[in-house]
Amino acid sequence: MIFEGLSEKLQNTLSKLKSKGKLTEKDVKEAMREVKLALLEADVNFKVVKDFIKRVSDRAVGDEVMESLTPGQHVIKIVNEELTALMGSSQSKLTFSSKPPTIYMMVGLQGSGKTTTCGKLAKHLKKQQKSPLLVACDIYRPAAIQQLKTVGGQVDVPVFSMGDGTSPVHISKAAVEHANRQGLDTVIIDTAGRLHIDELLMEELQQIKAAVKPQEILLVVDSMTGQDAVNVAEQFHEQIGIDGVILTKLDGDTRGGAALSVRAVTQKPIKFAGIGEKIDEFEPFHPDRMASRILGMGDMLSLIEKAQSNIDLKKAQELEKKMRTQQFTFDDFLDQLQQMKNMGPLSQVLQMIPGMGGKQLKNLEVDDRELVHIEAIIQSMTREERSNPGLINGSRRKRIAIGSGTSIQQVNKLLKQFEQTRKMMKQFMDMEKGMKKGGRFK
Ligand code: GDP
C-alpha cells in the first residue's frame, strides 16, 4: 500500500493529538518531532523536512483555531494542507500545443519504467479522444524498440521506428513529419535511458529537444529509489529542463521520499503516477488526494472516479433500489463482488476509503483470494438459497462447502457476514428515512 510506514507513523502521532481537548506548545513540539522522524525515515529530503516542520509549527501556533475544530484536529488540518502544498497543491494537467501535433518527450534512467509509461500515457491520451503516435528513439538497447512495439500493440497505438541504424534526432524529426502526414495529433517520444546520467545521453537529449521543440519534457522516475530519484530529477532538470515528472511504482513498498521531495526540489509538478505494471495502472497525480491517503483520510474522489469508469450505472441503480426495499440477495452480492474486482485489487480500492488506511486495513486482512472463495460458495448455492438464505440449514451448508471446495466454517462465516450486511443496510436506510423526516437531506 502507498507509503505504509510513513502513513502509519503520521496517523499514530496525529491521533494522539486528536483526542486532546487542549494542546500545549509542548504537545505540538513533541508531535512535530515525531512527524519529522517519520518523514526522514521515509527518505524525504532533509531540507524539505526542515522547511515543512517549520511551516507546520509556525501555523500550529500562529493560526487561529477554527471554531468547528478541536486544537488537535486543527493541527491535522494544517499537516494535511502542508503535505498537499509540498506535492504541488493542485493537479497539474498536461498541456497541448495550439498547433498539432503536441510532442511529449519522455526521459529518464533505464529501468525507471519509461517505455511502459509511454504506453500508459498513450492510452490516457486516447481516452481523451487524441490520436497518439509512439516513437522509438532508444536505439542502444535493441530490446527497447521491440518493447515499445509490444506496448503500442497493447494499447492499439501506432509505433514509429527506423530501427537502430538511424540517429535518434533524425528519427524524432521524421516521426513528427509522419504524424503530420497521418493526422496524428500527439507524439510521444521514448528516448534512450542509461543506468546513470552521462554526458553523451544528456547531449543527445538536448539535440532531440532542439530538433523537435517538445511541448513538454516529462521525466519518468522510479519512486522506489527515494532520494536518488530526486537527485536524478535535479540533474535532468539542470541539464535539459523538464516540465513535469511521472512517478512510477507508487504501488510498491516505496517509502514516500520521492513523491514528497521531488516537487519541492525541482519546482516541477508531478503530473502522473504509475501504480502497477499493467497498462491501465496509471493515474493523474492529485496532491490533495495523495495527502489525504497518506493521513488515512481516504480518497473518495479517486474511488468515485474509478467506480464511475468501471461500474455499470444501471446495475448500481438497481442495486440501490433493492437495498431500499431490502431485497438484496446473494446474487446481488455476487454481482457487486464482480464489479468491485473490475476496479482493481481490493486492498488498493479499500485504501481510498476514509479511515481504511494503515492498521485498519491490516486488521481486515483483505485478500483477493478470499473473494475467490466467496464467489465459489455463492455459485454453489441454488437459486432459492441465493434469494432466501434462511433456507440454508446444516445439511445444505455441508453440500455448499463440498461443492465450492471450501469448509463449513467458511460457509458459515459468509452467511454471517451477509446477514450483518443486510442488517447494516437496513439501519442505513432507516437512518436516512429518519433524517428525511427530521427535515435534513431535503
Ligand atoms: P525503461 O527501461 O525505463 O523503459 O523501463 P520499463 O518500461 O522497461 O520498466 C521497467 C520495469 O518496471 C518493468 O518490469 C515494468 O513492468 C516495471 N514498471 C513500470 N512502471 C511500473 C509501475 O508503475 N509499477 C510497477 N510495479 N512496475 C512498473
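Colleague: Hi! Which domains does the domain assignment give for the chain?

Modeller: There are three entries: domain 1 (4–86), domain 2 (102–297) and domain 3 (311–437). Those bounds come from an automatic or database domain assignment. Residues are numbered from 1 along each chain as its sequence is written. Bear in mind that this is a predicted model, where local features need pLDDT of at least 70, side-chain atom pairs count only at pLDDT 80 or more, and totals for chains, interfaces and linings use all residues.

Colleague: Thanks. How many helices and strands does the chain have?

Modeller: The chain has 20 helices and eight strands. Helices (H or I, at least four residues) and strands (E, at least two) are DSSP runs, numbered from the N terminus.

Colleague: And how much of the chain counts as buried?

Modeller: Of its 442 residues, 37% do. A residue is buried if 20 or more other C-beta atoms lie within 10 Å of its own, exposed if 12 or fewer, and partly exposed in between, with C-beta atoms placed from the backbone.

Colleague: Back to the domains. How many residues of domain 1 are in contact with domain 2?

Modeller: 17 residues of domain 1 are in contact with 19 residues of domain 2. Being in contact means that the C-beta atoms of two residues, placed from the backbone, lie within 7 Å. On the domain 1 side, helix 1 (4–18) and helix 4 (71–86) each supply at least two of the residues that touch domain 2. That side of domain 1 divides into nine nonpolar, six polar and two charged residues. Here Ala, Val, Leu, Ile, Met, Phe, Trp, Tyr, Cys and Pro count as nonpolar, Asp, Glu, Lys and Arg as charged, and the others, Gly among them, as polar.

Colleague: How far apart do the C-alpha centres of domain 1 and domain 2 lie?

Modeller: They lie 34 Å apart.

Colleague: Let's go inside. Which residues touch the most other members of the largest nonpolar core?

Modeller: Leu134, Val135, Val187, Ile188, Ile189, Leu219 and Val221 do, in a core of 87 residues. At least three residues of this core come from each of domain 1 (4–86) and domain 2 (102–297). A nonpolar core is a set of buried Ala, Val, Leu, Ile, Met, Phe, Trp, Tyr and Cys residues joined through C-beta atoms within 7 Å. Apart from the largest one lies another core, of nine residues, among them Ile378, Met381, Ile400 and Leu414.

Colleague: What does leucine 134 touch?

Modeller: Leaving out residues up to four places away in sequence, its partners include Cys118, Leu148, Phe160, Ile188 and Asp190.

Colleague: Ile188 is in strand 4, I think. Are the faces of strand 4 covered or open?

Modeller: Both faces are covered, with Thr186, Ile188 and Asp190 buried on one side and Val187 and Ile189 buried on the other. Strand 4 (residues 186–190) pairs in the parallel sense with strand 1 (residues 102–107) over five bridges. Strand 2 (residues 132–136) also pairs with strand 4 in the parallel sense over five bridges. Strands pair if DSSP finds at least two bridges between them. Tyrosine 104 stands opposite isoleucine 188, and leucine 133 stands opposite valine 187.

Colleague: Why is helix 10 largely enclosed by the rest of the structure?

Modeller: Eight of the 10 residues of helix 10 (residues 257–266) are buried, so the rest of the structure largely encloses it. Among them are Gly257, Leu260, Val262 and Thr266. Just after helix 10, glutamine 267 takes a positive phi of about 65°.
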